[in-house]
Amino acid sequence: MQQLLETRDIMFPVYKQSVRGIGGKIDAPDVKMLTRRNSQGMEEYISVVNKDYHVVENAEILEPLQKQMINFFDPLVLQDVHIKDTILKNGRVCYSEYIFPKVKYGIQTDVGHKTEFGLRFVMKNSFDGKGSVVMWSGLIDFFCTNGTVTGKYDVTRKRHTRNFNSDGFIEAFAITMDNHKEIVDSYQRLADKKVNNLQVFNLFNNLTKTKDVAKSGTLADKLYKQYNIERFTRGDNAFAAMSALTHYSSHGYGPFNLTRSGDQGTLYKRQEKVTNWLRSDTWKEFVAEAA
């Protein structure tokens with residue numbers, strides 16, 4: 001509970017300032033500079049944006065969402081909430097992740113492997129004049145900490161406009177709470193669907209649009225190798241194939257190591273990519289063909 005109520009670095013205010021040339025004699029009337037005050041009280045540059053750009057501060061999104069969490073959950077559930085804030089590029093891009101380990105449902109595969117899924121919410125906000133505010137509402141696999149989002153309301157976006165409000169994010173939160181058990185049940189159905197190696201091999205090549213399917217070291221090849229690790233524990237089923245995908249989106253080391261320019265934001269981008277894969281016709285056809 002205390003984590004939800006305390007002020008965190010990610011709640012920083014953002015200020016608009018005029019942009020002037022050397023000596024302050026020439027103004028740039030079409031743009032504004034955004035700055036923030038960091039945790040040490042120092043003012044830092046964030047970016048230059050269009051003069052009409054509307055700033056949506058992180059607190060405008062997170063505070064109403066946290067009030068909804070406090071109203072919805074038992075205090076015992078909130079005691080163990082895990083919050084992870086990520087501030088990148090001097091505050092230009094921000095992520096805030098909430099995981100609720102006490103809100104969970106489980107599934108079991110035919111080899112006896114059990115996995116529990118808990119609730120997970122991720123907010124992304126940016127101050128570069130380009131991106132929308134995004135919230136991912138979904139689940140996290142506590143067996144291997146693979147995060148994934150599914151369902152009609154898994155991704156909510158709102159642009160930085162003067163009429164911005166957090167209502168859409170509150171609604172997405174409520175819908176995910178209502179659908180949590182239903183989504184886990186759909187994972188159980190995946191765990192009950194048997195697949196063979198050729199089906200999975202073709203799935204990864206088709207999802208990643210790999211042309212040279214015999215080439216090693218491609219993303220498809222790495223995903224297939226990860227599937228063989230997953231199937232050893234989870235069995236030969238569609239859920240193990242999904243777990244290989246969510247492993248890629250949640251782990252920045254080993255075969256899926258981040259590049260030098262990669263950071264925590266790269267993993268969130270991967271998660272959005274995997275979400276799109278799991279919505280695709282290619283995935284739906286794979287599941288439909290599974291026994």
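## Nonpolar cores

In this predicted model, the largest nonpolar core has 70 residues. A nonpolar core is a set of buried Ala, Val, Leu, Ile, Met, Phe, Trp, Tyr and Cys residues joined through side-chain atoms within 4.5 Å. Phe73, Phe100, Phe204 and Trp283 touch the most other members. Helix H4 (residues 167-191) supplies the largest share of this core, 10 residues; helices (H or I, at least four residues) and strands (E, at least two) are DSSP runs, numbered from the N terminus.

Neighbours within four places in sequence aside, Phe73 is in contact (heavy atoms within 4.5 Å) with Leu78, Phe100, Val103, Leu119, Phe173 and Met177. A second, separate core has eight residues, among them Leu88, Tyr95, Val122 and Tyr268.

## Salt bridges

There are 13 salt bridges in the structure, each a side-chain nitrogen of Lys or Arg within 4 Å of a carboxyl oxygen of Asp or Glu. One of them joins Arg8 and Asp85 at 2.5 Å, N to O. Arg8 lies in the loop between helix H1 (2-5) and strand S1 (14-20) and Asp85 in strand S4 (residues 82-88), so the bridge ties together parts 77 residues apart in sequence. Arg8 is buried at 10% relative accessible area, whereas Asp85 is partly exposed at 28%. Buried means under 20% relative accessible area, exposed over 50%, and partly exposed in between (1.4 Å probe, protein chains only).

Asp27 and Arg20 also form a salt bridge (2.9 Å, N to O). Asp27 is partly exposed at 46%, and Arg20 is partly exposed at 49%.

## Basis of the values

Residues are numbered from 1 along each chain as its sequence is written, and side-chain values use heavy atoms, with hydrogens and water left out. Because the model is predicted, local features need pLDDT of at least 70 and side-chain atom pairs count only at pLDDT 80 or more, while totals for chains, interfaces and linings use all residues.
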